[in-house]
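Here are my notes on this model, as numbered points. Please read them with the structure open beside you.

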Amino acid sequence: MVNVLVTGGAGYIGSHACKALAAAGFTPVTFDNFVTGWRDAVKFGPMVEGDLLNRAEIDAAFAEYKPVAVMHFAALSQVGDSMTQPGLYWRNNVQGSLNLIEAAVAANCKNFVFSSTCATYGDHDNVVLDEDTVQLPINAYGASKRAIEDILRDFEVAHGLKNVIFRYFNVAGADPDGEVGEFHQPETHLVPLMLDAIDGKRDALTIFGTDYDTPDGTCIRDYVHVCDLIDAHVLGLNWLLDGKPSRVFNLGTGTGFSVREVIDRSREVTNRAVPIKEGVRRPGDCTKLVSGSTRAAAELGWAPKRSTMSQMISDAWRWHQTGHYNS
Ligand code: UFG
């Protein structure tokens with residue numbers, strides 16, 4: 001059995017990773033504190049309840065499962081919250097990751113796949129965002145992730161910890177088999193909130209800002225299907241296990257959609273009206289985040305299969321109607 005320690009394996013992206021790892025012949029060992037994750041989402045391997053702020057709990061997981069690699073998803077990840085509670089973000093994300101990284105080195109587990117974000121880039125006017133773009137985050141969430149990237153680089157130099165860093169653009173969609181999906185409480189992300197508004201679970205979707213410098217005034221994001229994103233993680237894991245060097249990869253499709261365009265596409269896919277309200281800007285939001293890199297395709301052989309907007313909304317809609325977790 002080849003174990004991979006998956007922090008945040010009970011969360012949206014981590015649970016899809018566990019499914020893909022199991023399908024690829026690995027045993028995903030979920031390490032999660034269940035603050036935002038769901039026990040019901042842990043279906044593909046063992047589950048360890050533990051907190052990254054508790055080093056002894058991490059050490060115990062390494063000792064028991066002897067993983068060949070870590071996939072580190074666990075994090076607080078809401079841009080808006082990070083602006084009002086920066087201390088929480090720095091402590092949880094950075095201190096928690098430092099504990100994990102030190103524990104990995106102590107256990108001689110030297111392969112580390114890290115979930116970073118395009119929020120580390122910040123606002124760049126008319127600049128193609130590739131992996132060499134200077135990272136100037138404008139919110140505490142992005143800043144915390146950039147700090148973890150720096151820690152990983154230092155630990156490679158000092159301790160030989162090999163890493164693959166993925167900078168995600170906006171993740172959407174759900175497992176087409178309906179085994180796992182996106183389920184946050186409270187929900188803050190555009191696509192699930194919009195689906196809630198469509199089927200009456202909330203009054204309306206509020207558009208955060210209609211006065212951005214974009215063609216229709218709303219923010220532009222690059223959406224990628226969670227299953228495609230995870231395909232890249234399995235490729236990244238094998239990259240490290242094959243002895244290839246540490247590397248950073250953007251994970252986006254290179255196509256931007258404004259908030260209004262996402263709403264329009266949802267109307268078409270679900271054939272239902274989307275009740276909307278126009279609201280003020282959300283602090284911390286960048287105007288436009290679209291990947292300008294083809295590195296993951298060129299070097300990892302990553303080929304997104306489900307990342308059209310219609311497919312992502314249709315998979316999310318199916319999950320929205322049939323899937324949820326109780327605990
Ligand atoms: N939005 C609305 N109304 C809502 C929710 C979101 O208009 O009710 C807008 C946001 O302002 C933004 C876009 O929809 O322009 C996407 O917002 P999300 O909250 O869905 O996603 P974010 O772009 O804020 O952040 C997400 C993840 C981060 C990740 C980032 C990369 O939460 O972890 O994508 O851009 F880093």
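1. First, a term. A residue is called buried when its relative accessible area is under 20%, exposed when that area is over 50%, and partly exposed in between, using a 1.4 Å probe and protein chains only. By that rule, glutamate 149 and arginine 167 are both buried.

2. A word on the source. This is a predicted model, in which local features need pLDDT of at least 70, side-chain atom pairs count only at pLDDT 80 or more, and totals for chains, interfaces and linings use all residues. Residues are numbered from 1 along each chain as its sequence is written, and side-chain values use heavy atoms, with hydrogens and water left out.

3. Now the ligand. The shell around the ligand holds 21 residues. Thr117, Asn170, Thr206, Arg282 and Asp285 come nearest. Here, a residue is near a molecule or strand if one of its heavy atoms lies within 4 Å of it. By type, the shell has 12 nonpolar, six polar and three charged residues. In this sorting, Ala, Val, Leu, Ile, Met, Phe, Trp, Tyr, Cys and Pro are nonpolar, Asp, Glu, Lys and Arg are charged, and the others, Gly among them, are polar.

4. Which elements supply the shell around the ligand? Helix H6 (190-198), strand S8 (205-208) and strand S9 (220-225) each give at least two residues. S8 gives the most, with four residues. Helices (H or I, at least four residues) and strands (E, at least two) are DSSP runs, numbered from the N terminus.

5. Where does the ligand lie? Domain 1 (3-172 + 223-251) and domain 2 (190-221 + 254-322) both give residues to the shell, so the ligand lies between them. The domain bounds come from an automatic or database domain assignment.

6. A polar side-chain atom of aspartate 285 lies 2.6 Å from an oxygen atom of the ligand. A backbone N or O atom of threonine 206 lies 2.7 Å from a ligand nitrogen atom. For leucine 190, a backbone N or O atom lies 2.8 Å from a ligand oxygen atom. The protein covers 93% of the 680 Å² of accessible area that the ligand has on its own. Accessible areas come from the Shrake-Rupley method with a 1.4 Å probe; for residues, only the protein chains shown count as cover.

7. Next, charge pairs. Side chains of opposite charge can pair when their charged atoms come close. A salt bridge is a side-chain nitrogen of Lys or Arg within 4 Å of a carboxyl oxygen of Asp or Glu. The whole structure has 22 salt bridges.

8. Start with helix H2 (residues 55-65). Arginine 55 and aspartate 59 both lie there, four residues apart, about one turn of the helix. They form a salt bridge, with the closest N and O atoms 2.9 Å apart. Arginine 55 is partly exposed because its relative accessibility is 29%. Aspartate 59 is also partly exposed, at 31%.

9. Glutamate 149 has two partners to check. One is arginine 153, at 3.4 Å, N to O. Both lie in helix H5 (residues 140-159), four residues apart. Arginine 153 is partly exposed, at 32%, while glutamate 149 is buried, at 0%. Arginine 167 also meets glutamate 149 in a salt bridge, at 2.7 Å. Glutamate 149 is in helix H5 and arginine 167 in strand S6 (residues 162-168), so this pair ties together parts that are 18 residues apart in sequence.

Note on methods: Polar contact = N/O pair within 3.5 Å; in protein donor to acceptor, adjacent residues only side chain to side chain.
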